[in-house]
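Subject: Structure handover

Hello,

Here is the structure we talked about. My notes on it follow below.

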Amino acid sequence: MERNTTARVIPLADANVMSVRDAPRVAPTGWVADTRGRALRDLRISVTDRCNFRCIYCMPKDVFGRDYPFLPHADLLTFEEIARLARVFKAHGVQKLRLTGGEPLLRKRVERLIEMLAEIGGLDLTLTTNGALLAQKARELKAAGLDRVTVSLDALDDQVFRAMNDMDFPVAKVLAGIDAAAEAGLAPIKINMVVKRGMNEREILPMARRFKDTGHILRFIEYMDVGHTNGWRMDDVVPSSEVLRIIGEALPVEPIEPNYRGEVAERWRYVDGGGEIGVISSVTQAFCRDCTRARLSTDGKLYTCLFATRGFDLRALLREGSDDDRISDAIAAIWRQRGDRYSEIRSENTAKLPKIEMSYIGG
Ligand code: SAM
């Protein structure tokens with residue numbers, strides 16, 4: 001089967017990006033801006049393209065079946081390569097690292113990687129997980145130096161949840177994982193719920209009630225047209241405005257200020273002091289203007305947008321023996337030529353463009 005994660009990878013030697021390969025020295029100053037003046041602040045690292053769930057909107061079984069050509073181990077960035085790149089990214093201003101995937105807890109000895117990243121110092125270290133292995137791993141992750149976790153959970157109703165993860169995985173185990181993460185001190189815990197029309201919008205209010213007064217921050221994510229395997233249609237998107245109306249009618253909420261410029265989630269709080277929720281409106285209210293995120297795929301390609309169609313091969317640079325200055329210059333050059341603003345120009349037509357799968361590029 002043809003890999004459908006390979007929209008187009010640009011080897012740095014490609015004539016189109018000579019400017020990147022032969023980029024002039026840009027001594028890192030902790031600030032590099034793209035063509036729209038956006039800084040490089042966050043790096044998401046996909047540590048595996050494999051997952052133990054087959055969420056119908058992300059890795060549908062009919063595409064990601066038994067014969068799906070996941071990356072062989074030799075193609076994955078090693079922990080040493082990831083840590084080396086992380087240091088260089090930090091020098092250009094990255095403050096936050098998020099490990100993701102695929103399911104990051106499936107990567108063998110991921111705690112060791114976290115230790116190596118924690119040794120760099122001064123980075124906010126987080127991880128996004130489906131929670132299946134969290135109950136057994138939470139304490140080790142914290143001990144290794146992880147600061148926080150985000151857990152994806154799309155429903156409380158066991159039947160709905162099992163149908164959405166399509167592996168018949170019970171919700172109780174994810175809830176146990178969330179409790180274990182809280183006990184281990186991986187807080188504040190964020191819980192991400194993707195809302196898909198006709199699938200789980202009835203779960204909005206039960207989820208809100210379940211996590212109100214717990215200190216966890218529940219965030220509702222609009223269903224997006226990532227990749228090209230999920231058959232996305234605009235009609236399947238439940239706009240954040242609708243989510244807020246459903247919650248607000250039962251549990252009054254009011255908006256609060258963002259923590260920082262460019263924060264992805266719009267923050268709201270319960271009027272009675274029951275805590276905070278968030279809405280991530282990447283479809284109905286694009287936030288490209290403030291996007292400071294880069295993504296490193298499992299095999300070391302750098303993507304400057306979740307909806308990118310091309311990546312830059314940093315692994316090639318690493319494996320041909322480039323020194324840190326060379327890698328640093330390439331990263332600066334890639335970022336400086338970045339102009340992506342996909343979510344602002346999205347339409348039913350752009351949704352059909354070839355795009356990278358989220359499991360590979362990192363959610
Ligand atoms: N396996 C981990 C997990 O489940 O959190 C990390 C990877 S997963 C791709 C990261 C996040 O992306 C999850 O919260 C998932 O729900 C979200 N996601 C995947 N496909 C999506 C889509 N089409 N629209 C919106 N969010 C999506």
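A backbone N or O atom of Thr 129 lies 3.4 Å from an oxygen atom of the ligand. That is a polar contact, meaning a pair of N or O atoms within 3.5 Å; within protein, one must be able to donate a hydrogen and the other to accept it, and residues adjacent in sequence count only if both atoms are side-chain atoms. The protein buries 94% of the 540 Å² that the ligand exposes when taken alone (Shrake-Rupley method, 1.4 Å probe; for residues, only the protein chains shown count as cover).

Before the rest, some ground rules. This is a predicted model, where local features need pLDDT of at least 70 and side-chain atom pairs count only at pLDDT 80 or more, while totals for chains, interfaces and linings use all residues. Residues are numbered from 1 along each chain as its sequence is written, and side-chain values use heavy atoms, with hydrogens and water left out.

Ligand

In total, 20 residues surround the ligand (a heavy atom within 4 Å). Strands β4 (124–129), β6 (190–195) and β7 each supply at least two residues of this shell. Helices (H or I, at least four residues) and strands (E, at least two) are DSSP runs, numbered from the N terminus.

Aromatic pairs

The structure holds seven aromatic pairs. Rings of Phe, Tyr and Trp (its six-membered ring) pair if their centres lie within 6.5 Å; planes under 30 degrees apart count as stacked, over 60 as edge-to-face and the rest as tilted. Tyr 57 and Tyr 223 are edge-to-face, because their ring centres are 6.4 Å apart and their planes are at 75 degrees. Tyr 57 sits in the loop between β2 (42–46) and α2 (79–91) and Tyr 223 in the loop between β7 and α8 (240–250), so the pair ties together parts 166 residues apart in sequence. Both residues, Tyr 57 and Tyr 223, are buried (under 20% relative accessible area; exposed is over 50%, partly exposed in between; 1.4 Å probe, protein chains only).

Strand β10

Four of the five residues of β10 (276–280) are buried, so the strand is largely enclosed by the rest of the structure. Four bridges join β10 to β7 (217–222) in parallel, and four join β10 to β9 (266–270) antiparallel. Strands pair if DSSP finds at least two bridges between them. Val 279 of β10 is the bridge partner of Phe 220 and also of Glu 266.

Regards
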